[in-house]
Amino acid sequence: MASDVMVKTFLAGRGYFGSHLADLSDEQLTTVPEGAHNNIMWNVGHILMSNYGMLHGASSVDVPAPAEWGPLFKGGSSPSDWGDDAPSASEIMDAFNAQSDVIIADLKADKFGDFKPMDLGGGLQLNSVDEALGFVVIHEGVHHGNVISLRNLLGVGK
Amino acid sequence: MAKTLPLAFKTFRITRFHLMREVDGLSHEQLLTIPEGREDNILWNIGHLLCSISRLTYVFSGYDLPIPERYFGLFGKNTNALDWESNPDPDEVLTYFTELPDKIEKDFAAGDFTEYKTLQIVPEDDIQNVEEAIAFHCFHEGLHIGKILTLKEAMGLPVKGG
């Protein structure tokens with residue numbers, strides 16, 4: 001089993017992130033406020049796909065999400081580039097809400113034995129799936145921070 | 001023998017690498033600018049994280065604060081940069097900020113932080129030891145990297161990204 005400390009931190013962060021998502025309507029999830037590049041749904045989809053990439057993808061395990069979602073949410077992409085076949089907000093939210101259980105189950109089942117080390121720049125490397133989960137925690141925090149800023153721009157408040 | 005550092009310490013180093021590459025090279029003016037519609041600036045986010053990690057490590061392990069007490073009136077919970085009567089010295093804040101992780105690692109390796117006062121963070125969770133505190137702080141630091149990125153975007157500054 002993975003680092004208990006990082007699993008606990010991941011779940012605590014998820015709980016807090018979820019509290020900033022659960023009260024939003026589909027319209028609030030999909031609106032790009034003036035002055036912003038993305039909407040809240042993009043941040044959620046980006047975290048969803050990036051987490052699976054950092055854990056499953058890096059360990060050569062099948063990613064449990066539709067492959068066509070990858071390009072829609074990759075770094076630098078934006079909802080303004082999406083066509084009519086983009087997933088709905090509820091599809092993304094359902095996949096996101098199910099993700100922590102999937103990750104914990106796959107960690108428990110020891111699915112990530114073939115984790116391929118990843119270079120982060122600055123002399124830093126992720127050498128194990130535990131270290132990758134640490135990165136997931138930081139990265140979720142970053143996009144959670146973006147979501148809080150987007151909520152303020154939408155006038156949703158804290 | 002010195003203790004080896006648990007995973008959370010490496011995650012903390014990775015967090016700082018990502019934060020500092022957004023902050024290094026910014027002028028005092030850029031660190032202190034409060035864009036329209038915001039109540040924080042980049043320096044507030046840095047000072048806030050400095051207060052938080054000082055409390056989570058030293059104070060909750062029963063040690064003295066490793067930073068000036070007055071920082072809590074400037075950067076603590078429920079403060080904002082709009083209320084500052086005069087600007088804090090960015091160099092002083094950044095020096096404490098960049099030196100503290102090394103001090104924490106050194107003190108941990110020397111066996112400090114063994115007594116930890118449990119801290120309730122959200123209704124359903126708590127922090128039981130310093131490793132959990134640092135892991136939680138990495139998440140918290142990520143959140144403020146997100147806020148720094150949106151501040152930089154609002155100021156038209158280039159970002160490295162999350």
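# Helices and loops of chain A

Colleague: In chain A, what percentage of the contacts with a separation of 6 or more comes from residues 24 or more positions apart?
Modeller: This is a predicted model, where local features need pLDDT of at least 70 and side-chain atom pairs count only at pLDDT 80 or more, while totals for chains, interfaces and linings use all residues. Residues are numbered from 1 along each chain as its sequence is written, and chains are lettered from A and ligands numbered from 1 in the order in which they are written. Two residues are in contact if their C-beta atoms, placed from the backbone, lie within 7 Å. Among the contacts of chain A with a separation of 6 or more, the share from residues 24 or more positions apart is 70%.

Colleague: Which pattern does chain A follow along the sequence?
Modeller: Helices (H or I, at least four residues) and strands (E, at least two) are DSSP runs, numbered from the N terminus. Chain A has six helices and two strands. Read along the sequence, they give the pattern α-α-α-α-α-β-β-α.

Colleague: And what is the radius of gyration of chain A?
Modeller: The radius is taken over C-alpha atoms, and the globule rule is 2.2 Å times the number of residues to the power 0.38. For 158 residues that rule gives 15 Å, and chain A is close to it, so the chain is as compact as a globular protein of that length, with a radius of gyration of 16 Å.

Colleague: What part of chain A is buried?
Modeller: A residue is buried if 20 or more other C-beta atoms lie within 10 Å of its own, exposed if 12 or fewer, and partly exposed in between, with C-beta atoms placed from the backbone. Of the 158 residues in chain A, the buried part is 41%.

Colleague: Which helices do the buried residues of helix 5 of chain A pack against?
Modeller: Those buried residues include Ile92(A), Phe96(A) and Leu107(A). The buried residues of helix 5 pack against these helices of chain A: helix 1, helix 2 (26-30) and helix 3 (40-55).

Colleague: Is Asp110(A) buried or exposed?
Modeller: Asp110(A) is found in the loop between helix 5 and strand 1 (118-121) of chain A. Although not a glycine, Asp110(A) has a positive phi of about 60°. Most residues other than glycine have a negative phi. With 10 C-beta neighbours inside 10 Å, Asp110(A) counts as exposed.

Colleague: What is the phi of Ser60(A)?
Modeller: Ser60(A) lies in the loop between helix 3 and helix 4 (70-73) of chain A. With 12 C-beta neighbours inside 10 Å, Ser60(A) counts as exposed. Ser60(A) is not a glycine, yet its phi is positive, at about 55°.

Colleague: Which helix gives the largest share of the side of chain A that touches chain B?
Modeller: The contact takes 29 residues from chain A and 32 residues from chain B. On the side of chain A, the elements that give two or more residues are helix 1 (4-19) and helix 6 (129-154). The largest share, 15 residues, comes from helix 6 of chain A.
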